[in-house]
Amino acid sequence: MTEKKAGKEVLRAVKFTLFSISAGIIQVLLTTIILDQIVRLKPYWLCYLIGLAASVIWNFTLNRQYTFQAANNIPIAMLKVAAFYAVFTPASTWVTGMLTDRARWPHLLVQILVMLSNFVLEFLYDRFIVFGKSIDTNARAQKNAGRDDP
């Protein structure tokens with residue numbers, strides 16, 4: 001990998017991290033503060049599920065446009081993300097319920113642990129499966145590529 005490509009991948013990872021942090025903030029605010037503490041929606045896994053859905057939509061939108069700069073077919077990309085979450089959501093919802101409702105772990109601790117695992121798995125999945133062949137193909141990437149040319 002060339003130095004320029006390595007730098008591009010590092011920047012991509014930084015962008016993904018920052019957008020994931022913003023999605024995490026949305027998820028924590030919605031799940032823990034609004035739905036769990038203010039609305040007092042029960043059971044907790046339902047709060048988690050709603051917060052997760054909101055953060056996934058936010059994260060997908062920003063990462064597609066700015067991190068991976070992908071011009072691929074949006075419905076197909078969304079279906080690929082839906083496939084990831086078709087596995088991750090039931091698994092993480094079950095783990096969340098087991099650790100919070102049965103083992104009595106603190107809700108916020110469980111949410112943070114699940115979010116960290118989601119962060120790593122989703123980056124790899126997005127990078128290589130969802131956007132892999134269409135990275136740097138949108139108009140923004142093409143415009144930036146024109147600036148990089150001598």
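Modeller: Exposed means over 50% relative accessible area, and buried means under 20%. Keep in mind that this is a predicted model.

Biologist: What makes Arg 40 count as exposed?

Modeller: Its relative accessibility is 54%. The cut-off for exposed is over 50%, so Arg 40 counts as exposed.

Biologist: Where is Arg 40 placed?

Modeller: Arg 40 sits in the loop between α1 and α2. Its C-alpha atom is separated by 39 Å from that of Gln 69, 29 residues apart along the chain.

Biologist: How do α1 and α2 pack?

Modeller: α1 spans residues 3–38 and α2 spans residues 44–67. Their angle is about 155°, with the axes 8 Å apart.

Biologist: Why is α1 called roughly antiparallel to α2?

Modeller: Angles over 145 degrees count as roughly antiparallel. The angle here is about 155°, so α1 is roughly antiparallel to α2. The crossing of α1 past α2 is right-handed. By class, their contact has 15 nonpolar, 10 polar and 3 charged residues.

Biologist: Which residues touch the most other members of the largest nonpolar core?

Modeller: Among them are Tyr 48, Tyr 85 and Phe 88, in a core of 22 residues. α1, α2, α3 (74–102) and α4 (107–130) each give two or more residues to this core. α2 gives the most, with 6 residues.

Biologist: What does Phe 88 touch, not counting residues up to four places away in sequence?

Modeller: Phe 88 touches Tyr 48, Val 114, Ser 117, Asn 118 and Leu 121.

Notes
Residues are numbered from 1 along each chain as its sequence is written. This is a predicted model: local features need pLDDT of at least 70, side-chain atom pairs count only at pLDDT 80 or more; totals for chains, interfaces and linings use all residues. Side-chain values use heavy atoms; hydrogens and water are left out. Axes are lines fitted to C-alpha atoms, for helices over the stretch in contact, and angles run from 0 to 180 degrees between N-to-C directions. Helices (H or I, at least four residues) and strands (E, at least two) are DSSP runs, numbered from the N terminus. Angles under 35 degrees count as roughly parallel, over 145 as roughly antiparallel, 65 to 115 as roughly perpendicular and the rest as oblique. A crossing is left-handed if the near helix is turned anticlockwise from the far one by less than a right angle, and right-handed if clockwise. Ala, Val, Leu, Ile, Met, Phe, Trp, Tyr, Cys and Pro count as nonpolar, Asp, Glu, Lys and Arg as charged, and the others, Gly among them, as polar. A nonpolar core is a set of buried Ala, Val, Leu, Ile, Met, Phe, Trp, Tyr and Cys residues joined through side-chain atoms within 4.5 Å. Buried means under 20% relative accessible area, exposed over 50%, partly exposed in between (1.4 Å probe, protein chains only). Contact means heavy atoms within 4.5 Å.
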